[in-house]
Amino acid sequence: MGDHLVEPVDRLLHRLKAIPGDGFDTSGMNRTKSADAFLRRAWTDQQVATCHRYLADGRQTGIGAQDADQLAWVREFYRDLYATTGGVPVPDTATDGVGVNFPDVDLADPRWNTSGVPWHTLYYKNNYPRLQRVKARWDPRDVFHHALSIKSP
């Protein structure tokens with residue numbers, strides 16, 4: 001990859017972090033310009049550097065890459081982006097966990113989720129027991145299911 005395509009990290013850090021007064025500082029939460037409603041505060045310098053490292057390495061282009069290579073790339077990227085919380089966006093002051101619109105079976109796999117937080121807590125937080133009761137009442141035969149479905153209690 002040519003040097004002209006790789007943005008210096010310090011400039012990337014500046015662009016990816018929310019700048020007060022830029023229209024993205026909402027309710028004192030200092031949201032970033034990233035298109036993720038689950039971020040509660042700007043990414044750390046380490047996370048931005050991780051993004052830069054992965055996006056500049058050229059492996060994500062898909063040109064001549066095999067599916068297994070692409071899957072390995074995205075898994076490693078995600079793991080390293082959330083390295084301080086066990087490779088996943090744990091609900092805390094930085095993120096609100098994972099959105100239900102982003103089903104990812106790796107969150108239920110202890111090889112990729114080393115946080116100690118169960119996959120269902122990443123998605124539903126403390127609402128999972130209530131959702132299990134609803135599931136038991138309205139779908140007792142588990143007709144509607146997938147790998148990350150609500151399980152009956």
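**Reading the calls on a predicted model**

Mentor: Asp106 is buried, with a relative accessible area of 11%. The model is predicted, so local features need pLDDT of at least 70 and side-chain atom pairs pLDDT 80 or more, while totals for chains, interfaces and linings use all residues. Residues are numbered from 1 along each chain as its sequence is written, and side-chain values use heavy atoms, without hydrogens or water.

Trainee: Why is Asp106 called buried?

Mentor: Buried means under 20% relative accessible area, exposed means over 50%, and partly exposed lies in between (1.4 Å probe, protein chains only). Asp106 has 11%, so the label is buried.

Trainee: What makes Asp106 and Arg75 a salt bridge?

Mentor: The rule asks for a side-chain nitrogen of Lys or Arg within 4 Å of a carboxyl oxygen of Asp or Glu. The closest N and O atoms of Arg75 and Asp106 are 2.6 Å apart. The pair therefore passes. Arg75 lies in helix α3 and Asp106 in the loop between α3 and α4 (119-124), so the bridge ties together parts 31 residues apart in sequence. Helices here are DSSP runs (H or I, at least four residues), numbered from the N terminus. Arg75 has 25% relative accessibility, so Arg75 counts as partly exposed.

Trainee: How many salt bridges does this rule give?

Mentor: The count comes to seven. One of them joins Arg53 and Asp80, at 3.4 Å from N to O. That pair links distant parts of the chain: Arg53 is in helix α2, Asp80 is in helix α3, and they sit 27 residues apart. Arg79 also belongs to the picture, as Arg53, Arg79 and Asp80 are linked in a network of salt bridges.

Trainee: What makes Asp142 and Lys135 a salt bridge?

Mentor: Their N to O distance is 3.0 Å. That value meets the salt-bridge rule, so the pair counts. Lys135 is buried, at 10% relative accessible area. Asp142, at 32%, counts as partly exposed.

Trainee: Turning to rings, how many aromatic pairs are there?

Mentor: The structure holds eight. Tyr54 and Phe77 are one of these pairs, with ring centres 4.9 Å apart and planes at 10 degrees.

Trainee: Why is the pair of Tyr54 and Phe77 called stacked?

Mentor: Rings of Phe, Tyr and Trp (its six-membered ring) pair if their centres lie within 6.5 Å; planes under 30 degrees apart count as stacked, over 60 as edge-to-face, and the rest as tilted. The centres of Tyr54 and Phe77 are 4.9 Å apart and the planes stand at 10 degrees, so the pair is stacked. Tyr54 in helix α2 and Phe77 in helix α3 are 23 residues apart, so the pair links distant parts of the chain.

Trainee: What makes Tyr124 and Tyr128 a stacked pair?

Mentor: Their ring centres lie 6.0 Å apart and their planes stand at 20 degrees, so this pair is stacked. Tyr124 is buried at 17%, and Tyr128 is buried at 6%. Trp119, Tyr123, Tyr124 and Tyr128 form one aromatic cluster.

Trainee: How do you know that the span of α2 agrees with its twelve residues?

Mentor: The expected span is 1.5 Å times one less than the number of residues. For α2 that should be 16 Å, and the end C-alpha atoms are 16 Å apart, which agrees. The buried residues of α2 are Gln47, Val48, Thr50, Cys51, His52 and Tyr54. Just after α2, Gly58 takes a positive phi of about 85 degrees.

Trainee: Why is Ser115 called partly exposed?

Mentor: Ser115 has a relative accessible area of 23%, so the label is partly exposed. Ser115 is found in the loop between α3 and α4. Ser115 and Tyr82 are 33 residues apart in sequence and 9.8 Å apart in space, C-alpha to C-alpha.

How values were computed
Helix = DSSP H or I, 4+ residues; strand = E, 2+ residues; numbered from the N terminus.
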